[in-house]
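The structure is shown first.

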Amino acid sequence: MTKEAILKISNLTVSLPERAERPFAVEDVSFEVYPGEILCIVGESGSGKSMSSNAVMGLLPKPFVYISQGEIMFEGRDISKISDREMQAIRGSKIGMIFQEPMTALNPVMRVNKQLQEVFSSHHLKLSKAEIKTKIIEMLDDVGLPDPEIIGNSYPFELSGGQRQRVMIAMALALQPKILIADEPTTALDVTTQAQILKLIAELQETRDMGVIFITHDFGVVAEIADRVIVMQMGKIVEQGTAEQILNRPEHPYTRKLIATVPHLGAQKKEPVTSDIVVSVKGLNKIYGSETTGLFGKKGRVVHASRDVDLEIRKGETLGLVGESGSGKSTVGRCIIRLHDSNSGIIDFEGTDILKLSNSEMMPFRKHIQMIFQDPYASLNPRRKIGDIITEGPTIHGIPKAVSWKRAEELLEIVGLSKIALKRYPHEFSGGQRQRIGIARALAMDPKLLIADEAVSALDVSVQSQVLDLLDEIKTEMDLAMLFVTHDLRVAAQVCDKIAVMRFGEIVEYGNTYDVFHNPQHDYTKSLLEAVPGKAWKVPDLSGLEIA
Amino acid sequence: MSDVTLQEKQNSALVDALKGFWIEFKRNRGALYGLVFITILGFVATFAPFIAPYVPEEQYRDFLKLPPVWVEGGSWDFLFGTDALGRDQLSRMIYGSRYSFYIGFIVIFFCLTIGIVLGLVAAFNRGFIDNMIMRAMDIILAFPALLMALALVAILGPSLENAMIAIAIVYIPHFVRLTRAQAMSELGKDYVSSSKTMGASKARLMFINVLPNCMAPLIVQATMSFSSAILDAAALGFLGMGAQPPTPEWGTMLADSRQYILSDPWLMTIPGLFILVTVLSINLIGDGMRDGLDPKMKSNK
C-alpha cells in the first residue's frame, strides 16, 4: 500500500486488574490503519478485540484497566499519553465510533435532532442554528434515512433498529472523522437490515476515504466487507493479512479452527424422513393484545404473532423455523409447549390435541415436550445447584431423587461435563457449558419433541458448532423430533431436514432444506438468502490441515 | 480441569461468595463502625441481667435525679445517673436495648413473611388479585406512616405488642411492592419458563425458583426498616401509645423525663442519643449490605 497509515498502533499492552483471569486484556498488539480501507478485527468473546478499539478511543475503564505499554500514533502524536481534555477533542471529530446496541447508545429521552446538535456544540464549532439544521438534514440524508425532517423529530424508541443504527452512524460521521471504529455494529440487527447497514458503511467509507476498524465475530460479515483482517485470540494477534488470504488460506491453526466452524451455507440433499409424525400443528393462531377498548378509552394494539400456522415434525426429524425478529417464530415454539396460550388451532401430539387439555391433563405430556432456551445466562436459576436444576422436572413428576440424580450424572456425561458439576452453581460455568446443562435438563424428562429456541445464537462460533454437533448426536441417538427456531440461515442450512420460513406470523415457505436454499419460491425467502453476509465466499475445505 | 480441583472449587463456592460480600462490605468504613456498635449493643442486650448493675424497676428514693458521673454531683454508683423516681438510668438503658431488638426483629419478621407472600401472590396472579392487593397497599401508603400507626394503636389499645403490630402493618406495603417488582422481573427469565415446561406448580415456582433470586434487595430493605421500626416504636412510646411505664423502653423513658428537659437535660439526652446512634448504625450497615449484595452498585466503585 502506498498511502501512509493514519493510525499506527505498536506493541500495545492493556493491563487488567490483579484478580482478573489473565494479566493483560490486550498483549503486544501492533497494527496500522490506512485511509480508505476496512480493517476487520475478528475473535471470539474475550479475545480483546473490543478492548483494543476502546484503548484507541481512550475509553478504557480507568484506573482498573490501563495501557501499560506501547503507543498509539495518530496524526503525529501518541494519543495514549495525552490528557483527557485533548482526547475529548479527538473523539468524535477525528475518530468516530458506533456501538453494537443502538438503543442504549442513544439517549432515550432526547429527540434525534437534539442529539445530533450535541455533537456540534460539544466540539465548540461556531455554526449558526440554521447551518446546523441544514447540516443535520444533510447527514440524515447521507445515511439513507427517508424523510430526515420527520426522523430528526422522533425519539429513538420510535425508530426501528436499523434506523437507530443509521442515526448512530450519522452521529459518528457528523464531524467527518478520519477513522471510524465500528464495534459489532450489526450484531443486534436482522439479516436484511444488517446487509443494508454493511452496504452503507462500505459506501460511506469509500466516498469519504475513511479508515474503518470493524470489530466482529462473524466471518460472514468479514467476507462481505473486509479489506484486511486481524484475528485475535486471548488478547494477542495470531494472524493478520488481506481478507482473501485469511479467508481462503488461513495459516494459523486457530484461524483455521474458526473458519472450519463456520457453517456452510449450501444445504446438502438429504433423504426425506418418513417415520411416524410426532407433532402436527394445524391452523395455529396467536394474537397478542385485544381490540377491546380499555378503561380509559385507549384502543388496544393487536399483533398477530401466529396466523394459521401448519407444520408437522416426524421422529428423528429437525424442522427449522426461520425468520427475522418479530416474525413469530419463537411464539409458535412457545405455543406448542404451552408456555403461551393459543387463540385457536390444533396441536396434535401423537393423537391427542394438547391445546384442549387442562393444566392437570397436560402434566403427562409435559414430559414429552421440552425446550432449550436462547440465553444460557438467564435460563438456569442462579441460586440453585446444577443437580437441583436438572432433577427438578423428574422430581415434579414423582421420580425419586436418588433415581433422577443417577440419571442426571449420566446425562452430564452425555453432554460432555463431569458429574462433579451437579454440586456447583451456574455462574461457575461458561456460556457453552451452561447450554449443555440446559440440554441435559431437557433430556432428563425423556422428551419426544425438543424445541430449541435460538439455542446457539448466544454462543461463539467454535462453541456453537460443538453444541450443534451435540444436538445432532442426541437427536439421532434418542430418535427425537426437533423444532429448531433460529434467525441464522447458515445454522439452519446445516442442521435442518425441513425449513419453514416465517414472516409477520405466517409461514411463507415450507419445504425440504435443500429445495428452500437452492430454489426458493417466495420473494421473502429470496431476499433473506440474498442478505446473508459473505454469501459469495465459499468456506474453504481445511480438512487435513493442522487445526487448533 | 481435574476432578480434584473441581471438588475443591465447589466447596469454596459459598465461602467465596461470602468472602466477596465481606470484601465489598469492609470497604464501607461507616458500615464497619455501625456493625461494631450493633454487635456490642447486641451483646449487652443478650446478657443484660449479668451486665446491668441494678434491677431496672428498683427505686432508690435517696438518689432522685442524680446526674451522670461525668457531670458535677454525679456518683460512681450510678454511672448514667438516676431518673425522677430514683431508678438507675444505666440499667434501664441496658434493659431497654432488649426491647429495641425485640421490636425490630418481630416487626421485620411479620413484614418479611406477609410482604413476601402478598408480593409473590400479586406477581403471579396478574389481574384481579394483583389489583386488589396492590390497591390495598396503596391505601395504607396514602396515610402518613406515624399517623396510621397512631390510629391503629388507638383502636387496638396502647401496649408494646399493639404498637409493633401497627408498625408492621405500616411497613408491609414496602415489602410487598419490592417483592412484586423483583418477582416480576425474574418471571420474565427463561429459567422460570423452563420450570413451567416441566409442569412446576405455582407454589414451587414462587418459593423455590423465584424467591431466592429476590432476596438481596429484601434483606437490605429489612435492615433499613429494622431501624425505622425502632424509631417509630420509640416515637409511639414517647406519645404514650407504645410500651407502658415502668417498661424501660427507650421511647417511654424519653416520655417519662419530658418535663425535666430544662432542669435535668441528661435524662432525655441519654436515651435520645442511644436511639440516634443505634438507628444510624443500622442504616450504615444497610448501606454496606447494599454495596455487597447489589451487583449494580458494585461496579460503580
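A:Leu449 stands opposite A:Ala481 in E18(A). The chain crosses from E17(A) to E18(A) through helix H17 (residues 461-478) of chain A, and this β-α-β crossover is right-handed, that is, clockwise from the first strand over the helix to the second with the strands pointing away from the viewer. This is a predicted model, in which local features need pLDDT of at least 70 and side-chain atom pairs count only at pLDDT 80 or more, while totals for chains, interfaces and linings use all residues. Residues are numbered from 1 along each chain as its sequence is written, and chains are lettered from A and ligands numbered from 1 in the order in which they are written.

**Strand pairing** (at least two DSSP bridges between two strands)
- Strand E17 (residues 449-453) of chain A pairs with E18(A) in the parallel sense over five bridges.
- Strand E13 (residues 318-322) of chain A also runs parallel to E18(A), joined by five bridges.
- A:Thr318 has A:Met482 as its bridge partner in E18(A).

**Burial** (buried: 20 or more other C-beta atoms within 10 Å of a residue's own, C-beta atoms being placed from the backbone)
- Six of the six residues of strand E18 (residues 481-486) of chain A are buried.
- A:Ala481, A:Leu483 and A:Val485 are buried on one side, and A:Met482, A:Phe484 and A:Thr486 on the other.

**Chain contact** (C-beta atoms, placed from the backbone, within 7 Å)
- In chain B, 19 residues are in contact with 26 residues of chain A.
- H8(B) gives the largest share of the side of chain B that touches chain A, eight residues.

Note on methods: Two residues are in contact if their C-beta atoms, placed from the backbone, lie within 7 Å. Helices (H or I, at least four residues) and strands (E, at least two) are DSSP runs, numbered from the N terminus. A residue is buried if 20 or more other C-beta atoms lie within 10 Å of its own, exposed if 12 or fewer, and partly exposed in between; C-beta atoms are placed from the backbone.
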